[in-house]
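Here is a short tour of a model for you to follow on screen. Please keep the viewer open, since the notes below move from backbone details to packing and then to a pocket.

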Amino acid sequence: MRNRSVPLLPELGERVLSGLTDRGYFPARNAKLSVDHSIMVPLHFLDPGERMALLPIYLNGLVPPLPGAARCQALGDDVRAIIEAWDSPLKVALVASGSFSLEVGGPRIADNAIAGVPDPAWVTHVSSRLKAGQTADLVAEATSERMQRAGNVGGELLNWIALLGAVGARTPEVLEQQVSLGHSYAAWTWS
Amino acid sequence: MGKYEIDLFNHNLSVDPEFRAGILAGDELAWQSVPLTADERSALESADIAWLYAHGANDFLLHNLFRFGVGGVRIEDYVRGIKQHLAGHE
């Protein structure tokens with residue numbers, strides 16, 4: 001995949017930054033950010049015409065101590081509220097990416113690869129929670145210990161949980177598991 | 001110096017193409033840009049995965065040694081090195 005620049009949405013960025021600060025979060029800003037596969041691969045498939053502007057929001061899903069799942073859910077809910085209050089003709093899509101179970105470079109990698117899926121049962125379980133809209137149960141289950149038991153990047157589930165905070169009580173219109181790769185694909189729509 | 005410097009080295013491999021090229025070319029200035037002890041440098045140069053992990057290196061960042069071919073580490077060497085930790089704890 002070639003390197004390219006992606007246009008940002010500074011007006012929305014300012015709104016999200018100030019809105020989250022007003023709500024008691026401590027967000028940090030970065031005005032010049034190199035984004036990697038976690039953003040560019042989904043964008044490659046969602047926006048092949050390269051027309052979209054972007055507002056990246058990062059959570060720490062990798063380095064302990066991880067943020068609490070309930071806090072991440074609330075964050076997503078607040079981001080949705082800030083966007084809904086934005087007087088703009090633009091349509092906004094919220095996109096999250098991350099594994100449910102994945103170990104990269106750690107002791108639980110596969111025997112012949114640099115990564116592995118140490119907890120496929122957790123992938124199936126998380127996927128079933130997503131499909132049924134059982135967000136409260138998932139948030140209660142997604143402790144730091146549980147997520148890290150699913151791999152050294154298992155905390156990426158927090159990205160999904162933040163998205164679920166914005167999604168609310170809706171169930172996904174589509175959900176496809178990829179247990180062997182440690183994740184799923186899902187989509188929700190509303191207007 | 002410790003875990004931070006090892007992690008910084010492995011992080012720089014991923015985010016700093018100039019640093020990475022220097023390390024792979026054996027450029028002394030690139031090596032000296034991170035304050036490593038002699039033991040740490042030796043372990044990184046030889047991609048001694050077991051030693052680095054045992055001395056606190058972040059495992060996610062450690063995989064950059066394999067990803068970028070530092071020390072000529074092969075996948076079987078990496079797997080054997082990183083899983084030594086498990087073998088010692090089972």
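Glu50(A) is partly exposed, because its relative accessible area of 37% falls between the cut-offs of 20% and 50%. This residue lies in the loop between H2 and H3 of chain A, and its phi is positive, about 55°, although Glu50(A) is not a glycine. Please bear in mind that this is a predicted model. Most residues other than glycine have a negative phi, and most peptide bonds are trans, which makes a few backbone spots worth a look.

**Backbone details in chain A**

- Pro65(A) sits in the loop between helix H2 (37-46) and H3 of chain A.
- The peptide bond that joins Pro64(A) and Pro65(A) is cis, with omega at about 0°.
- Gly168(A) follows H7(A) and has a positive phi, near 75°.

**Ala47(B), a loop residue in chain B**

- You will find Ala47(B) in the loop between helix H4 (38-45) and helix H5 (49-54) of chain B.
- Its phi is positive, near 50°, in a residue other than glycine.
- Is Ala47(B) buried or exposed? Ala47(B) is buried, because its relative accessible area is 9%, and buried means under 20%.
- Leaving aside neighbours within four places in sequence, Ala47(B) is in contact with Val70(B), Gly71(B) and Val73(B).

- Strand E3 (residues 174-178) and strand E4 (residues 183-187) of chain A run antiparallel and are joined by five bridges.
- Within this pairing, Val174(A) of chain A stands opposite Ala187(A) in E4(A).
- Four residues lie between the strands of the hairpin, and Gly182(A) takes a positive phi near 85° there.

**Helix H7(A) and its cover**

- How many of the eleven residues of helix H7 (residues 157-167) of chain A are buried? Ten of the eleven are, so the helix is mostly covered by the under-20% cut-off.
- Among the buried residues of H7(A) are Leu157(A), Trp160(A), Ile161(A), Leu164(A) and Val167(A).
- The cover over the buried residues of H7(A) includes helix H3 (69-84), H4, helix H5 (135-141), helix H6 (144-149) and E4 of chain A.

- Asp119(A) is in the loop between strand E2 (115-116) and helix H4 (120-132) of chain A.
- Asp119(A) counts as buried, because its relative accessibility is 12%, under the 20% limit.
- The side chains of Asp119(A) and Arg146(A) are joined by a polar contact of 2.8 Å.
- Not counting residues up to four places away in sequence, Asp119(A) touches Ser101(A), Arg146(A), Arg149(A) and Ala150(A).

**The second largest pocket**

- The volume of the second largest pocket is about 210 Å³.
- Which of its 14 lining residues are the closest to the pocket centre? They are Arg108(A), Gln148(A), Gly151(A), Asn152(A) and Asp59(B).
- By class, the lining of this second largest pocket is made up of six nonpolar, five polar and three charged residues.

Terms used. Residues are numbered from 1 along each chain as its sequence is written. Chains are lettered from A and ligands numbered from 1 in the order in which they are written. This is a predicted model: local features need pLDDT of at least 70, side-chain atom pairs count only at pLDDT 80 or more; totals for chains, interfaces and linings use all residues. Side-chain values use heavy atoms; hydrogens and water are left out. Two strands pair if DSSP finds at least two bridges between them. Helices (H or I, at least four residues) and strands (E, at least two) are DSSP runs, numbered from the N terminus. Buried means under 20% relative accessible area, exposed over 50%, partly exposed in between (1.4 Å probe, protein chains only). Contact means heavy atoms within 4.5 Å. On a 1 Å grid over the protein atoms alone, a cavity is a set of points where a 1.4 Å probe fits but cannot get out, and a pocket is an open set with protein on both sides within 12 Å along at least five of seven lines; lining residues have an atom within 4 Å of a point. Grid points are joined across faces, edges and corners, and a volume is the space filled by probe spheres set on the points. Ala, Val, Leu, Ile, Met, Phe, Trp, Tyr, Cys and Pro count as nonpolar, Asp, Glu, Lys and Arg as charged, and the others, Gly among them, as polar. A polar contact is a pair of N or O atoms within 3.5 Å; within protein, one must be able to donate a hydrogen and the other to accept it, and residues adjacent in sequence count only if both atoms are side-chain atoms.
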